[in-house]
Amino acid sequence: MPIPTNHLKPVRLSAKENAFNQLQQWIIDGTLLPGEKLNDTELAKALGVSRTPIRESLQLLESQGFVKMYPGKATQVTEIEKESINDILPPLAALQALSAELAVTNLTHNTLELLKKTNQQFSDAIQSENYYSALKVDEQFHKIIVDTAGNTYIQAILGSLQAHVRRLFFHNSIVLTNNSIDDHRKIIELMEIRDTETLSAVMKENWLRTLDAFSL
């Protein structure tokens, strides 16, 4: 049988990486609620792994502020502090803007087409009022730019910041609007003409505008 050669090959993850990704996602989307006590034995059974990768994942989640471990007592999902968005968004916006500037150097026609296609998916999700999907596609849009920039240090920092923003967005029912669609179009246009100064300003505004939604 003919096998396609242009497909994305799955990345093999360790048991710890799989457990970490799943637990983090459950915390972000509220499957594991703020303040909920976590039992490593039950989690290991649910994910089909031993307790070791679960414990390692919980330690990493604690270092990132998603859980709090009390030795000999319990491990709990951290509470959501709405005000923390004021500390998270400014550095995230600055790094996203820098990523956009760096991405211009590595920009290709295929990347531009992928950004346009992703923004259309984003627009479709907003128009159909599927705001959960819109948040996910918005993240994909920005990830394309960050990946194109190719700076692993920025990627690592943004990965952690982005996860906290996603959690805050989901739990506070933040709704992205047509303004974000327009921002994405401007970002693509500015990347295409390599106007990095205006690009940086538009990218920052795209993120910082959300602060107004949290202050309501």
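**The cavity and the fold**

Modeller: The largest cavity has a volume of about 70 Å³. A cavity here is a set of points on a 1 Å grid over the protein atoms alone where a 1.4 Å probe fits but cannot get out. Grid points are joined across faces, edges and corners, and a volume is the space filled by probe spheres set on the points.

Biologist: What kind of model is this?

Modeller: This is a predicted model, in which local features need pLDDT of at least 70, side-chain atom pairs count only at pLDDT 80 or more, and totals for chains, interfaces and linings use all residues. Residues are numbered from 1 along each chain as its sequence is written, and side-chain values use heavy atoms, with hydrogens and water left out.

Biologist: How many cavities of 30 Å³ or more does the search find?

Modeller: The search of the whole structure finds one.

Biologist: Which residues line the largest cavity?

Modeller: The lining consists of Leu135, Asp138, Glu139, Gln162, Val165, Arg166, Phe169, Leu176 and Trp207, lining residues being those with an atom within 4 Å of a point. By class, five are nonpolar, one is polar and three are charged. Ala, Val, Leu, Ile, Met, Phe, Trp, Tyr, Cys and Pro count as nonpolar, Asp, Glu, Lys and Arg as charged, and the others, Gly among them, as polar.

Biologist: Which element gives the most to that lining?

Modeller: Helix α7 does, with four residues. Both α6 (131-149) and α7 (152-171) supply at least two residues each.

Biologist: How many helices and strands does the protein chain have?

Modeller: The protein chain has 10 helices and three strands, which are DSSP runs numbered from the N terminus (helices H or I, at least four residues; strands E, at least two). From the N terminus on, the order is α-β-α-α-β-β-α-α-α-α-α-α-α.

Biologist: Changing topic, where is Gln24?

Modeller: Gln24 is in helix α1 (residues 15-29).

Biologist: Is Gln24 buried or exposed?

Modeller: Gln24 is buried, because its relative accessible area is 12% and buried means under 20% (exposed is over 50%, partly exposed in between; 1.4 Å probe, protein chains only).

Biologist: And what is Gln24 in contact with?

Modeller: Leaving aside neighbours within four places in sequence, Gln24 is in contact with Leu61, Gln64, Phe66 and Ala163, where contact means heavy atoms within 4.5 Å.

Biologist: What share of the protein chain is buried?

Modeller: Buried residues make up 41% of the 216 residues.

Notes:
1 Å grid on protein atoms, 1.4 Å probe; cavity = no way out; pocket = protein on both sides within 12 Å on 5 of 7 lines; lining within 4 Å.
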